[in-house]
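Please look over the structure shown here with attention to side-chain geometry and to the surroundings of the ligand. The report is meant to be read beside the coordinates.

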Amino acid sequence: MSEKQELNYDVIILGSGPAGFSAGIYAARGALKTAILDINMFGGQPSNYLEIENYPGFSLIGGFELMEKFEEHADKFGVEKFPMVEIQRISLNGEIKEIETIDSLFKAKSVIIATGAQSKKLGIKGEEEFKGRGVSYCAVCDGAFYKDKTVAVIGGGNSALEEAVYLTKFAKKVYVIHRRDEFRADKIVQERAKSNEKIEFVLNAVPIEIQGTNTVEKIILNNTQTNQQSVLSVDGVFPYIGLTPNTEMFNGQLRQNSQGFIETDVNMQTSVSGVYAIGDVRNTPLRQVVTAAADGAVAACSAVKFVETKTPVQA
Ligand code: NAP
């Protein structure tokens with residue numbers, strides 16, 4: 001078997017969404033030898049969004065187009081790119097961090113983790129089919145497309161109830177469908193939702209199918225107590241049943257909160273020296289393109305300082 005090629009960098013960024021590319025731009029511009037690796041194609045979650053209208057400077061831009069701009073910008077500063085890599089091993093604790101793929105051994109003084117998070121899926125018929133055509137996991141991104149329409153939010157946590165209230169700015173009616181009759185959300189959040197006249201609660205119900213033609217038209221529910229099915233006519237479905245950070249590959253090497261999000265300080269430093277976490281994968285109060293990009297800038301500047309302390313000064 002042929003030996004794996006060894007590739008050395010000052011910083012390796014894992015993940016190529018807005019956080020990863022922003023970190024790449026700042027790190028390479030800060031004179032670090034920088035590589036971005038992704039297990040998928042480049043662009044992260046936003047490249048799947050039809051339109052983005054809250055990234056400053058662009059009142060309306062396609063998600064794919066915006067991420068292409070991030071990538072071109074990173075290219076300009078010479079960031080080296082490795083899409084679709086299959087990672088076999090990550091070792092973060094040593095002075096030199098190692099990432100082993102099928103054919104290469106990447107070594108770096110510093111690692112920036114930007115692997116993102118996934119919305120937990122309902123796992124029901126129609127969910128995948130209507131994603132981007134009525135099924136959305138981001139009310140802030142897509143809520144404005146539902147002006148004077150009827151939408152359903154699934155879940156009974158803080159996210160579901162807060163996003164339901166947010167959606168009432170646009171939608172004429174918002175159903176909150178929850179599998180129990182008690183909510184996990186904070187009392188104050190519950191009170192806000194319950195006092196909103198546009199919100200109607202459908203309790204003890206779980207969605208079992210999303211139906212439509214080109215876009216979503218209805219959601220089929222099953223009552224958890226009577227086992228009776230019912231149909232709601234809706235134009236949109238927003239599942240908010242929790243998020244899962246993409247951290248399996250780090251195998252408990254970093255401190256994570258109870259939901260698995262990576263803990264960082266204000267410099268994006270994780271519990272391991274020289275390892276930073278940014279964007280959706282970290283414990284953060286807001287998961288947006290703009291906050292991910294900002295995290296990337298902070299982490300890269302921290303990495304520049306860190307690498308400088310590890311690099312002998314030339315005589
Ligand atoms: P969460 O608190 O885990 O709530 C998920 C909700 O979805 C729960 O009500 C759960 O029902 C329901 N659910 C889970 N799986 C389901 C399924 N397969 N089908 C139907 N319903 C399902 O998630 P989150 O609301 O995304 O919040 C995540 C964390 O962030 C929480 O700690 C939350 O407090 C925090 N957060 C805080 C704020 C804030 O402080 N402003 C805002 C947003 C989020 P059960 O209740 O029956 O389990």
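The text below takes up the ligand shell, the aromatic rings and the cysteines in turn.

This is a predicted model, in which local features need pLDDT of at least 70 and side-chain atom pairs count only at pLDDT 80 or more, while totals for chains, interfaces and linings use all residues. Residues are numbered from 1 along each chain as its sequence is written, and side-chain values use heavy atoms, with hydrogens and water left out.

**Ligand shell.** Around the ligand there are 14 residues, of which Asn158, Glu162, Arg179, Arg180 and Arg184 come nearest; a residue is near a molecule if one of its heavy atoms lies within 4 Å of it. The shell divides into two nonpolar, eight polar and four charged residues, where Ala, Val, Leu, Ile, Met, Phe, Trp, Tyr, Cys and Pro count as nonpolar, Asp, Glu, Lys and Arg as charged, and the others, Gly among them, as polar.

| Residue | Ligand atom | Distance |
|---|---|---|
| Glu162 | nitrogen | 2.7 Å |
| Arg180 | oxygen | 2.7 Å |
| Arg184 | oxygen | 2.6 Å |

Taken alone, the ligand exposes 900 Å², and the protein buries 67% of that; the accessible areas come from the Shrake-Rupley method with a 1.4 Å probe, and for residues only the protein chains shown count as cover.

**Aromatic rings.** Rings of Phe, Tyr and Trp (its six-membered ring) pair if their centres lie within 6.5 Å, with planes under 30 degrees apart counted as stacked, over 60 as edge-to-face and the rest as tilted. By this rule the count comes to nine aromatic pairs. The ring centres of Tyr55 and Phe58 are 6.3 Å apart and their planes stand at 25 degrees, so this pair is stacked. Tyr166 and Phe170, by contrast, form an edge-to-face pair, at 5.6 Å centre to centre and with 65 degrees between the planes. Ring pairs also link Tyr9, Phe82 and Phe106 into a cluster.

**Cysteines.** One disulfide, defined as a pair of cysteine sulfur atoms within 2.5 Å, is found in a search of the whole structure. Cys138 and Cys141 form this disulfide, with their sulfur atoms 1.9 Å apart, and the torsion about their S-S bond is about 75 degrees, so the disulfide is right-handed. Both Cys138 and Cys141 are buried, whereas Cys301, at 38% relative accessibility, counts as partly exposed; buried means under 20% relative accessible area, exposed over 50%, and partly exposed in between (1.4 Å probe, protein chains only).

Key
Polar contact = N/O pair within 3.5 Å; in protein donor to acceptor, adjacent residues only side chain to side chain.
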